[in-house]
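Please keep the sequence and the 3D view open while you read. These notes go point by point.

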Amino acid sequence: MTMEQQQQSAPPEEEEEKKWGRRAWALLSGVRSRSPLVQCITNLVSMDLAANALLAAGASPAMVHSLREIPDFTPAADALYVNVGTLSESWLPSMSAAASAAASASRPWVLDPVAVSASTFRMEACLSLVALKPDVIRGNASEVMALSSATRIDSTKGVDSSHESINAIEAAKSLALASGAVVAVSGAVDYITDGHLVVGVHNGVAMLQKITATGCAVTALIAAFVAMEPSSALEATACALSIFGLAAEIGMDLAKGPASLRMHMIDSLHALDEQTVASLVRIADVC
Ligand SMILES: Nc1ncnc2c1ncn2[C@@H]1O[C@H](COP(=O)(O)OP(=O)(O)OP(=O)(O)O)[C@@H](O)[C@H]1O
Ligand SMILES: Cc1ncsc1CCO
Ligand SMILES: [Mg+2]
């Protein structure tokens with residue numbers, strides 16, 4: 001490369017970010033054109049936001065959780081999303097059956113271990129679901145740290161994290177290696193790992209923590225993105241987190257608080273265009 005060429009080419013981090021921007025746009029475009037059917041067995045708080053986030057992104061959500069419907073429905077879905085947020089004894093068999101059915105039909109499935117430390121029942125349920133080999137596990141820092149060590153921590157804190165995502169990277173790596181799943185830790189920076197590579201997503205706004213179930217909704221979006229490229233779950237997960245965070249950033253410019261952010265974020269997710277995605281996706285390799 002001549003001196004002149006060197007001066008003209010962008011620094012490697014910028015090139016890297018552009019590559020991620022193209023990847024995120026390709027996946028979002030795929031979701032819009034193919035409209036993957038995402039079966040969601042998710043908590044009662046999150047159903048509305050998760051379904052609307054999926055619709056705004058172009059996917060097709062279906063909140064189907066009856067055990068009797070799983071043999072017919074799950075193999076026909078493009079991806080499965082399981083979230084234990086409002087876990088009950090009667091729902092757990094559906095979650096397990098759907099996870100097994102998705103795996104048998106070679107459909108990707110994604111686990112959100114909401115408040116895994118809340119009780120021994122919930123921890124054991126999450127460990128039994130991890131044993132059914134999810135393609136992706138997405139949680140906040142406290143959830144990933146607890147699940148990774150199979151130990152209840154912060155049991156009084158409920159669904160919110162009391163740790164920073166950066167402090168859960170090692171836990172995420174060991175959970176990824178032990179489970180075979182890609183593990184995503186959400187927070188100020190989202191970290192995604194397969195146990196070897198770690199990628200950081202820098203999109204998002206802090207006020208997302210003031211809207212309930214935004215973590216649940218982004219996990220639903222991860223399922224839709226992974227349905228597009230099941231063999232590149234790490235990349236698809238990073239792109240889904242970035243697109244969701246970017247929609248929140250744009251929505252934040254119009255929002256007056258959490259309630260209007262929720263509305264504007266959904267509008268922004270629906271309206272994202274190539275130029276915006278290509279220039280504002282902020283994903284970087286960590287190691
Ligand atoms: N401080 C922050 N700055 C920017 N974005 C953030 C911040 N904290 C969280 N987010 C974003 O908010 C979304 C939800 O992540 P969070 O870690 O709050 O999930 P969660 O605790 O599982 O949420 P919930 O249980 O309410 O669904 C993610 O897209 C994440 O990137
Ligand atoms: C508030 C709440 N409680 C159980 S699940 C849920 C949604 C956020 O995870
Ligand atoms: Mg959560």
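The points below start with the sheet, then turn to the helices and the loops.

1. **The sheet.** This is a predicted model. Nine strands form an open sheet. Their order is E2-E1-E3-E4-E5-E6-E7-E8-E9, and the pairing is mixed. Two strands sit at the edges: strand E2 (60-62) and strand E9 (283-285). Each of these pairs on one side only. Neighbouring strands are turned by 20° against each other on average, direction ignored.

2. **Strand E1.** Begin with E1 and its cover. Five of its five residues are buried. In a regular strand the side chains alternate between the two faces of the sheet. In E1, Leu37, Gln39 and Ile41 point one way, while Val38 and Cys40 point the other way. E1 runs parallel to E2, and three bridges join them. Leu37 stands opposite Ser60 in E2.

3. **Strands E5 and E6.** Which sense of pairing do strand E5 (residues 136-140) and strand E6 (residues 182-186) show, parallel or antiparallel? They pair in the parallel sense, over five bridges. To find one bridge, look at Arg138: its partner in E6 is Ala184.

4. **Helices on the sheet.** Helix H9 (residues 214-228) packs on the sheet. H9 touches strand E1 (37-41), strand E3 (79-83), strand E4 (109-112) and E5. The direction of H9 makes about 160° with that of E3. Helix H10 (residues 233-252) packs on the sheet too. H10 touches E5, E6, strand E7 (190-193), strand E8 (198-201) and E9. The direction of H10 makes about 170° with that of E7.

5. **The E7-E8 hairpin.** E7 and E8 form a hairpin with four residues between them. In the turn, Gly195 has a positive phi of about 100°. The two strands pair in the antiparallel sense over four bridges. Ile192 stands opposite Val199 in E8.

6. Val198 and Gly200 point one way from E8. Val199 and Val201 point the other way, and all four are buried.

7. **H10 against H11.** Two packed helices are described by the angle between their axes and the distance between the axes. The axes of H10 and helix H11 (residues 258-271) come within 7 Å and cross at roughly 120°. H10 is therefore oblique to H11. The crossing is right-handed. On the H10 side, the contact is made by Ile243, Phe244, Ala247, Ala248, Ile250, Gly251 and Met252. H11 brings Leu261, His264, Met265, Ser268 and Leu269. By class, the contact has nine nonpolar residues, three polar and no charged.

8. **H3 against H11.** How does helix H3 (residues 47-57) pack with H11, and at what angle? The angle is about 25°, with the axes 7 Å apart. Angles under 35 degrees count as roughly parallel, so H3 is roughly parallel to H11. This crossing is right-handed. From H3 come Asp48, Leu49, Asn52, Ala53, Ala56 and Ala57. They meet Arg262, Met265, Ile266, Leu269 and His270 in H11. The contact of H3 with H11 has seven nonpolar, two polar and two charged residues.

9. **Two alanines to check.** Most residues other than glycine have a negative phi. Ala115 has a positive value, near 50°. Ala115 lies in the loop between E4 and helix H6 (120-130). Is Ala115 buried or exposed? Its relative accessible area is 5%, so Ala115 is buried. Ala213 has a positive phi as well, of about 75°. Ala213 lies in the loop between E8 and H9. Its relative accessibility is 10%, so Ala213 counts as buried.

10. **Gly180.** Finish in the loop between helix H8 (169-179) and E6, where Gly180 lies. The relative accessible area of Gly180 is 60%, so this residue is exposed. How far apart are Gly180 and Ala131, and what separates them in sequence? They are 49 residues apart in sequence. In space, the distance is 9.6 Å, C-alpha to C-alpha.

Technical notes
Residues are numbered from 1 along each chain as its sequence is written. Chains are lettered from A and ligands numbered from 1 in the order in which they are written. This is a predicted model: local features need pLDDT of at least 70, side-chain atom pairs count only at pLDDT 80 or more; totals for chains, interfaces and linings use all residues. Side-chain values use heavy atoms; hydrogens and water are left out. Two strands pair if DSSP finds at least two bridges between them. Axes are lines fitted to C-alpha atoms, for helices over the stretch in contact, and angles run from 0 to 180 degrees between N-to-C directions. Contact means heavy atoms within 4.5 Å. Angles under 35 degrees count as roughly parallel, over 145 as roughly antiparallel, 65 to 115 as roughly perpendicular and the rest as oblique. A crossing is left-handed if the near helix is turned anticlockwise from the far one by less than a right angle, and right-handed if clockwise. Ala, Val, Leu, Ile, Met, Phe, Trp, Tyr, Cys and Pro count as nonpolar, Asp, Glu, Lys and Arg as charged, and the others, Gly among them, as polar. Buried means under 20% relative accessible area, exposed over 50%, partly exposed in between (1.4 Å probe, protein chains only).
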